Amino acid sequence: MFINNNSDNKDNHFDAIVIGSGISGGWAAKELAEKGMKTLVVERGRDVKHIVDYPTTNMTPYEFEHRLDIPYAIKKENPIISRCYAFREDAMHFFVKDKEHPYVQEKPFDWIRGYQVGGKSLMWARQTQRWSDFDFEGPARDGFAVDWPIRYKDIAPWYSYVEKFVGISGNRDNIPQLPDGEFLPAYPLNTVEEYFKSKLGENYKNRTVISARCAHLSEPQPIHLEQGRGKCLNRTLCQRGCPFGGYFSSNSSTLPWAAKTGNLTMITDSIAKSILIDKQTGKAKGVRIINAKTMETREYYAKIIFVNASTINSIALLLNSKSQRHENGIGNENDLVGKFLAFHNYSARISAQFEGSLDYSTDGRNPASGGYIPRFRNVEKQETNFLRGYAAGFSAQRYTHSNQDEIGVGLKESLDNPKLGIWSVGSHMMGETIPKASNWAKLDEKMKDQFGMPQIRISVDYDDNDRKMKADYLDQLSEMFEKAGFVNIKRNESDQAPGLDIHEMGGARMGKDPKTSVLNAFNQVHSCKNVFVTDGACMTSTSSQNPSLSYMAFTARAVDYAVKELKKGNL
Amino acid sequence: MNRKAFLERGIILAGGLAFLPYLPGCKNTLDNTSGVLSDIVEIIIPQTQTPGGKALGLHHFVVKMVEDCGDDAQQQIYKDGLKEFSSLFQKQNKKDFSEASMEDQTLFLEEINNKESNLNPFFSLVKGLTIKGYTNSKYYMTDIVPYELVPARYNAFYKIA
């Protein structure tokens with residue numbers, strides 16, 4: 001294997017290196033490049049250029065060989081990724097197949113990955129809610145994990161900062177546990193979603209449905225047009241990549257913006273093997289890369305390293321960066337890296353029908369996908385037999401039906417004249433889980449991957465709190481549905497493994513005390529000051545809100561801090 | 001703007017987009033007794049003023065889906081079912097299904113469709129895929145229930161006339 005240790009080569013020297021180009025890495029790249037830092041982005045997967053590399057984006061359903069179904073041979077070979085709702089014929093090229101990058105499951109864990117420029121920001125579900133002090137004060141109030149080192153006031157201006165650039169549609173709903181943001185016009189609730197909202201208002205004090213807040217340009221502003229992005233045209237084919245840039249992705253937004261500064265260099269098919277440590281100072285001096293195609297190893301040097309490889313891969317990179325000064329891996333003096341890995345409990349759904357409002361339907365498509373029920377359990381104080389709470393999706397729609405009993409002319413006529421059915425309503429649970437030392441990811445001691453790097457061993461499971469919360473969700477939503485007069489209420493309990501929520505968080509948590517946390521209030525590794533981790537790995541607790549907006553805000557805030565510290569000579 | 005105007009705008013937009021036609025093709029790992037299957041899909045969705053199963057190539061679609069997307073059990077149901085289907089018809093009518101009159105073919109299929117028999121799993125698989133192929137065909141998604149690639153709207157309170 002060829003190792004290039006030529007540290008005098010100017011091509012290998014940058015001000016900052018960002019590992020990963022997904023939703024947080026893209027933000028790190030944009031912020032660093034805008035602040036004049038010569039920035040290298042290292043991406044382990046292939047390049048995906050905005051528009052150019054969205055091969056299926058303009059295809060109609062009948063242009064897909066299997067009408068969007070996944071061939072059985074692919075399903076059989078890839079049971080894990082086949083369980084992901086978005087792994088279909090139109091977007092399967094953006095997901096990692098099981099065989100390509102194996103990992104060890106101590107307990108079942110569906111690890112859903114997107115190894116390419118843009119990462120999972122290409123296929124994400126685009127739901128973007130702020131967290132509040134009910135989340136940041138949660139661990140301290142309820143006695144789990146460690147206290148977050150920040151409060152809402154610290155991150156609020158950064159939420160505003162990223163929201164303006166990303167473009168978030170939503171209403172100002174004035175809900176304490178779901179702070180309002182910088183919103184473009186919301187996608188409205190439909191007839192039955194509004195009806196359900198009014199029924200919740202009649203029957204409950206603190207339960208409501210709002211328009212889901214999402215990263216779609218309902219009304220582009222000059223800053224979005226300047227990115228080359230246009231209005232969302234309601235295709236709801238987002239997982240294929242959007243030719244209009246109607247939703248936010250690294251590919252359509254942050255990466256091209258960073259490139260425009262002239263300060264961005266991006267290398268693809270380049271796997272970060274380890275962070276290099278300066279023996280004298282104990283600080284990071286660069287990153288060692290394996291070229292995925294040639295297997296060659298190369299080193300790149302910089303003053304600041306941003307780790308944005310996605311939660312579990314960021315953990316693995318820290319652990320694999322062993323040196324004299326950090327024998328146990330970077331930030332792992334306290335043996336905490338990889339521990340307190342958590343997720344969101346998405347294992348329950350509920351569906352029903354509504355026989356009213358038959359003079360209304362919907363027309364066109366809603367990219368926000370409907371309504372959002374903010375967390376209503378244990379908000380102000382502890383009131384149930386489980387800790388924390390859950391948010392829920394809620395949407396209503398009318399499907400068309402055709403009687404398919406006959407064959408022949410009768411069947412054909414029936415298929416040619418589909419009838420609008422009554423309203424179908426549905427909800428899914430998004431539960432907060434409690435981070436625990438017993439839920440972890442670490443490097444396997446024996447198994448290696450095709451690049452000679454240790455495979456990742458994952459052990460994450462539901463606990464009693466999760467099971468109680470799930471039962472409560474099903475009971476409460478059933479009651480809410482009954483009180484709204486919905487019929488044919490069906491509870492759907494899934495035995496899905498953790499991971500399928502695609503919200504894995506933690507493993508390098510933020511905290512005040514270096515003894516009990518890995519990162520400080522600015523996502524800076526306590527024991528290695530020029531390394532910052534700003535993806536899901538940094539999360540101290542999980543809240544019930546979707547996390548991506550927070551990753552973006554944390555990243556912008558951390559870059560601001562890092563560059564100021566660098567200029568002060570503190571890094 | 002009304003629905004029709006929106007639709008027209010959508011079609012104009014869609015008109016400029018790249019077009020990759022679906023080309024039916026078979027790996028021939030399954031016994032594609034396509035004469036029989038094309039007759040079956042034609043009886044399920046017959047030619048009227050508008051194209052039927054055969055003209056739309058739905059028999060190719062059924063085979064492709066069973067071959068590529070069917071699990072082991074479905075492939076077995078298809079293989080065994082097609083054999084049993086042909087031999088049962090032969091036994092009852094003293095001729096091959098493909099050589100029989102459309103009346104006899106239709107009577108036979110109506111019987112399977114309406115009564116319990118060993119052939120139910122086979123027939124519901126073929127019928128289901130024929131319907132899927134029909135409602136997902138370019139013809140259906142253009143002329144019957146037009147598929148909008150670019151709706152460019154969401155009306156949350158759409159009043160039904």
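Reply: Two strands are taken to pair if DSSP finds at least two bridges between them, where strands are DSSP runs (E, at least two residues), as helices are (H or I, at least four), numbered from the N terminus. This is a predicted model, in which local features need pLDDT of at least 70 and side-chain atom pairs count only at pLDDT 80 or more, while totals for chains, interfaces and linings use all residues. Residues are numbered from 1 along each chain as its sequence is written, with chains lettered from A and ligands numbered from 1 in the order in which they are written.

In chain A, an open sheet of 6 strands runs in the order β8-β3-β2-β12-β23-β22, with mixed pairing. Its edge strands, β8 (264-267) and β22 (524-525) of chain A, each pair on one side only.

β15(A) is antiparallel to strand β1 (residues 154-159) of chain B, and 4 bridges connect them; A:Ser361 is bridged to B:Tyr158 of β1(B).

Around this pairing, 37 residues of chain A are in contact (C-beta atoms, placed from the backbone, within 7 Å) with 43 residues of chain B. On the chain A side, β15 (360-364) and α11 (409-416) are the elements that give two or more residues. That side of chain A comprises 15 nonpolar, 12 polar and 10 charged residues. Here Ala, Val, Leu, Ile, Met, Phe, Trp, Tyr, Cys and Pro count as nonpolar, Asp, Glu, Lys and Arg as charged, and the others, Gly among them, as polar.

Conventions: Two residues are in contact if their C-beta atoms, placed from the backbone, lie within 7 Å.
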